[in-house]
Every structure is written in C-alpha cells, then in structure tokens.
Amino acid sequence: MAAGEPEGPRGDRKPGSAGEAGERLQRGRAAMKLLRGDGGTGPALVALALWPLLAPGAQAVEPISLGLALAGAAASAALTGVGLFSYPGFFCYFTECCLQKPRAELETVLRKDLDKKLFGQPLAKKVIVKSVPGFLNNPNPKKPLALSLHGWTGTGKNFVSKIIAESIYEEGLKSKYVHQFVSTLHFPHFQNLTQYKDQLQMWIRGNVSNCARSIFIFDEMDKMHAGLIDSIKPFLDYYEELDGVSYRKAIFLFLSNAGAEKITEVALDFWKSGKNRDDMKLKDLEQLSVSVFNNKNSGFWHSSLIDRHLIDHFVPFLPLEYKHVKMCVRVELKSRGYVVDEDIVTQVADEMTYFPKEERIFSNKGCKTVCTKLDFYL
C-alpha cells in the first residue's frame, strides 16, 4: 500500500477579464520606473508596484506588461540586495500557499458556514467555532489541535471536517495541505499493521515538513485496527520538535461512530424530560471519552492518545430529529436551484426511518440519504 492517499486535484486560478492592452502596458512601465527610481527601492515598493498586476481580481496581464514590471523589480532587487521572489506572499498570488487565508476571515467564514449548513448540533458548533480559530490565532501552540468527532452516521461529522478544511484552504478537501485517511481503504489488513504504522509516521512527517499547518483527517476510526493510531502519539504530544520537525501547528481530526450509543442515551433523556437540546452542555456528555476508550470495536480502544489526554476535545454529534431532516431537504433543494416545495420536503422527511420504534424521534441515518431520496421527486 502507498504511504498515503494521492493528492486531490487542485484547481488553477483563473485570470480576470482582460482590460485595455495600453493600460496594462502603461502600468508595467510605471512599475518599472518606480522600481528603478533612486536606487533605494525595497520590497515594499516591489509589492506596491506589482499590486495592480497581481491583486486578486485584477485584469489579465499580458507577458510584455508583466515582463517590464518584473524586469524593473529584478533590477531593483540587484541594487538593494532584496530578492523579489523571497518577498512574503508573492507566490501566493499564483498558487495555493500554506495557510494563506487571513485568520480573521477564516473565523468569519467558519462561523457563517456552520450557522448556515449545520443543523441540530449546538455542542459541535460551539466547540468548533471556539477551538479552531483560537488554535490558529495562537502563534506558538504547545501541541497540535486534536479533535475527535463522534456520533451516528449522517449527523454531520464528515460535513464539519469539510467545512473546517474549506475555511482554512480555498481548495478545501482537495488542497495539497489537507490529507484524508479512510480506515477500510488505507489500512484494510491487520497483518500489515506494522507496515501501516511506519508508513503513517513517514507520511505525516513529510507533509508537516512541507507545511506546518497541515490538516489530517482520519475517517472510520471505529473501523481502524486497535493500536494503529497510537503510532502517531509522538506527533500529538507536547514536544518542541522531533528530529528537527515541529508538529505543534498541525490539525488532526478523528471521525468515529464510537460513542454514538452514549450520545443517543443522553439526547433521549433530554427529550423525555422535556428539555431543549440546545441547552445541553458538554458536561452532560463528560463520559463520552471513557465510552470511546473502552469500546473494543474502535481504533481508540485503550489508546494512549486518550490515556495521555492528547485529544483536546471529544465533539458529540447528536442524533437528528424530524425537523432537522426537513432543514437538510430545504438546503439541498436550494443548492440544486429549485424553489423550496414544502410538500416535497415533507414527503422526503416522512420516508426516512426513525428510532426508537414507538416514539420515532431520531433519524436512523441522519441526513445521509436525503440527496438520493430527493432525486426520486426531481
């Protein structure tokens, strides 16, 4: 098996619409003149002169215009001893860079997407909105951020990992800095456990060396062979560096169905007592980590990551109710360009199966099959 999943495709930046050729040529000459003037041009003037040509949304640049600007910049760099291409952020106008999105923008995007797209998960939303931006705003974290997302299928775990990736990198899950592992795909054979451990360590080390703000997503943790995930324990611990590499700025997301029974038990008790699920607190699910640790059918079974308190947050995803399924149907209709038809919304929601049998409170598959069921009506 390969050491890791191949990189996903990366989209190319598309230039804006072309403007007048003469205006672009004039801008290029002006840039060259500014960069050559007085012999004292520094990187600030380099950025200032090239900004009209390189800024996001700028008009397409003809080779002669950009060539004149770069020629002037090169001349200036030779005079000042400052390399143009070493100027921070220069290449980020042309290709994806490691955490290039401003952190203030990141927090806004993350909060907006969670509010708009994630339903019935007050605890998960609260933890994610606080922990991810808080971690990225810390210039010197003591350890990587490790979040373990737990709940039944269709409750939003994969969806939230996608939102987190998109809030940090424009390419989202296709970014070369976002790496996904699926247990049944990448680690299928128990007899290869030792090989998997070595490969996993090498792959994480290589990607963090390339980008300190790498994101690693481990899906189907409940199907992972026990003991495998412990091989990455050194990377999640409180080490300054390991063999010259610091892992403290990386993000690790673990997705699992383990612990879903405990979450459902608490959610059902809330419903029976007439309490609002939005009033649920993390302390109401403080035994979640113990449940996961003692689950023999989980990759976290007796894991040192839990025993050594290296998982920062166990994030519970509550089972979705009938009203949440209807919200998912409405969003899917809008995303396909349809006007929301409440009759269709109700029919799709009614076709889902719910539990417990008598009360029919929670959807067995959350919103997972909404898309395919909606196809029948469209």
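**Reading helix contacts and disulfides**

Q: Which residues in α14 meet residues in α15?

A: I344, Q347, V348 and E351 in α14 meet V370, K373, L374 and Y377 in α15, where contact means heavy atoms within 4.5 Å. By class, this contact of α14 with α15 has five nonpolar residues, one polar and two charged. Here Ala, Val, Leu, Ile, Met, Phe, Trp, Tyr, Cys and Pro count as nonpolar, Asp, Glu, Lys and Arg as charged, and the others, Gly among them, as polar.

Q: What should I know about the model before reading on?

A: This is a predicted model, in which local features need pLDDT of at least 70 and side-chain atom pairs count only at pLDDT 80 or more, while totals for chains, interfaces and linings use all residues. Residues are numbered from 1 along each chain as its sequence is written, and side-chain values use heavy atoms, with hydrogens and water left out.

Q: How do α14 and α15 cross, and at what angle?

A: Two packed helices are described by the angle between their axes and the distance between the axes. Helix α14 covers residues 342-351 and helix α15 residues 370-377; their axes come within 10 Å and cross at roughly 130°. That makes α14 oblique to α15. Angles under 35 degrees count as roughly parallel, over 145 as roughly antiparallel, 65 to 115 as roughly perpendicular and the rest as oblique. The axes are lines fitted to C-alpha atoms, for helices over the stretch in contact, and angles run from 0 to 180 degrees between N-to-C directions. Helices (H or I, at least four residues) and strands (E, at least two) are DSSP runs, numbered from the N terminus.

Q: And how do α4 and α5 pack?

A: Helix α4 (residues 103-117) packs against helix α5 (residues 122-136) at an angle of about 170°, and their axes are 10 Å apart. That makes α4 roughly antiparallel to α5. On the α4 side of the contact, look for R103, L106, E107, L110, R111, L114 and D115; they meet K125, I128, V129, V132, P133 and L136 in α5. These residues divide into eight nonpolar, no polar and five charged.

Q: How many disulfides does a search of the whole structure find?

A: A disulfide is a pair of cysteine sulfur atoms within 2.5 Å, and the search finds two. One joins C98 and C211, with sulfur atoms 1.9 Å apart; this link is right-handed, with 75° about the S-S bond. C98 lies in the loop between α3 (63-80) and α4, and C211 in the loop between α8 (193-210) and β3 (215-219), so the pair ties together parts that are 113 residues apart in sequence.

Q: Is C211 buried or exposed?

A: Buried means under 20% relative accessible area, exposed over 50%, and partly exposed in between (1.4 Å probe, protein chains only). C211 counts as buried, at 1% relative accessibility, whereas C98 is partly exposed at 30%.

Q: Where do C328 and C367 lie?

A: The sulfur atoms of C328 and C367 are 2.0 Å apart and form a disulfide, right-handed with 80° about the S-S bond. C328 is in helix α13 (residues 322-335) and C367 in the loop between β7 (362-363) and α15, so to speak distant parts of the chain, 39 residues apart. Both C328 and C367 are buried. C371, however, is in no disulfide: the nearest cysteine sulfur, that of C328, is 9.0 Å away.
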